[in-house]
Amino acid sequence: MGKYIIALDQGTTSSRAVIFDEHAQIVAMKSYEFEQIYPQPGWVEHDPAAILNTQVDALREAVRMSGVPLEEIAAIGITNQRETTLLWDRETGMPLYNAIVWQCRRTAPIVKRLCDEGLEEHIRETTGLVPDAYFSGTKLSWLLDKLELHERAAGGEICFGTVDSYLAWNLISGRPHVTDATNASRTMLFDIRKNDWDDTLLSALGIPRAVLPRVIDSSGVIGMLDPSILGRAIPVAAIAGDQHSALFGQGCFETGMMKNTYGTGCFLLMNTGDIPARSRNGLVSTIAWRIGGKCTYALEGSVFVGGAAIQWLRDEMKIIERASETETIARSLTDNGGVYMVPTFTGLGAPYWDMYSRGMIIGLTRGTGRAHIVRAALESIAYQSADLVRAMASDCGREPKELRVDGGASANQFLMQFQADVLGCKVIRPAVIETTALGAALLAGLAVGVYADMEEIRRIWRMDLSLTPQMDEGQRQTVLRGWHKAVERSMRWIDAED
Ligand code: ADP
């Protein structure tokens, strides 16, 4: 049997294909960006054909670059931007509208209606989510209304899917209409405890079951890649949403293990084992993966402005030229000089949830300079992540042992050390930081027997950097107090009607 595995990583701004060898080393990688469509303020769409074409092009090009013979490729795994919603004709396969992207806010009024109808508690209880336009359910409901498709949908003539479904339908022979449990858990239509669509929410949103995909395991052979794509049928053997895939790719297989991805925003997920945790701190509960019909659950929290604070220093403030400079600038100071930045450009998420908070730099003195601002921006990424870790620890009643990290800004060693310092636990960076793609590859490898079990995968996982906290407890308390005071000052800044 072949030993290479391909991950298709369909992201929000680009489609990527990564070829791994059996030791989880990257052999070749290719990605293509595609257009973001903004039809109105707050609306975001993608062209389904652009998603598909860039993904297929990336796949073909990565295979070509690798020089790996097709018969050596054991499996393909899919990971994807989550919640983005597509609708297509079951007969012709033609998309019926652009994909409505997770960021799109057009269905906020539908969410409000659900809450007015008293469904907020039901949503939290069954789906593990917080009612929000971000998730797919209200986007699907909006599409069925807008295109007047209720009758055809009920008659089984139409398919709904998230991006994974759409790729599976288009890439696999026989056109399976499927999604995996992790993607289903982001629709706000799925009961994560029963592992089935929730009839109360389907009926509240006017969604017939006939439009929904069959929900499958995250690891398992779905079918064969259509031979017209690469010239050979290869098993497609995994699907997982991007953050779930990254949790798997980070080897967070045990309860309490967690990873944080430092990108434009930050995504923190903690494995909570075989029961969904109920958060008292505004985090969401989600399916981490489903293997052999058995779900592992996770708590998830996100930082809205992470690396974006660094982009802001570069693009708007123009006080740096490149993100990587921030490390040397921050290290030029021995401490923060009492300066804190709260980068709540779009409001404050978990565990505070205040949409009226706005960004702030506080603690300025006559001696404050550019380096203080840069350092405060970097530190804000770590403080916000630390707040999420604390919230998770309090929800599941266990102290964090270590945090596994990845994403573009995890390259910044000052930031990673500061993260370890304010958390008071180890920060560990893996050798392969393409953990999203890696997770999908490992899930696919597990399905086809490249890896015998999770134990074997655990042995493959390699660390690159391990940082232990260096800050003494007194100083840690001082900076955290400063941060929390700053957050408090930023809250309720704008008036509700602004
Ligand atoms: P995304 O997948 O969200 O586009 P990436 O994982 O590519 O994000 O990470 C890019 C983000 O990380 C950007 O916001 C950038 O400002 C930030 N970033 C990249 N390198 C560094 C660095 N060395 N120090 C601090 N921030 C960085």
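Start by selecting aspartate 196, which counts as partly exposed at 32% relative accessibility (buried is under 20% relative accessible area, exposed over 50%, partly exposed in between, with a 1.4 Å probe and protein chains only). You are looking at a predicted model, where local features need pLDDT of at least 70, side-chain atom pairs count only at pLDDT 80 or more, and totals for chains, interfaces and linings use all residues. Numbering runs from 1 along each chain as its sequence is written, and side-chain values use heavy atoms, with hydrogens and water left out.

Arginine 209 sits in the loop between α8 and β12 and aspartate 196 in strand β11, so the pair ties together parts 13 residues apart in sequence.

Next, pick glutamate 327 and arginine 331, whose side chains form a salt bridge at 3.0 Å, N to O. They are four residues apart in helix α12, so about one helical turn separates them.

Move on to serine 219, which is buried, with a relative accessible area of 8%. A polar atom of the serine 219 side chain lies 2.7 Å from the backbone oxygen of leucine 443.

For a last stop, select Thr334, Arg375, Phe418, Met471 and Gln475, which lie nearest the centre of the second largest pocket, among its 17 lining residues. By class, that lining has six nonpolar, six polar and five charged residues. Colour α14 too: with four residues, α14 gives the most to this lining.

Definitions and conventions. Polar contact = N/O pair within 3.5 Å; in protein donor to acceptor, adjacent residues only side chain to side chain. 1 Å grid on protein atoms, 1.4 Å probe; cavity = no way out; pocket = protein on both sides within 12 Å on 5 of 7 lines; lining within 4 Å. Helix = DSSP H or I, 4+ residues; strand = E, 2+ residues; numbered from the N terminus. Nonpolar A, V, L, I, M, F, W, Y, C, P; charged D, E, K, R; others polar. Salt bridge = Lys/Arg side-chain N within 4 Å of Asp/Glu carboxyl O.
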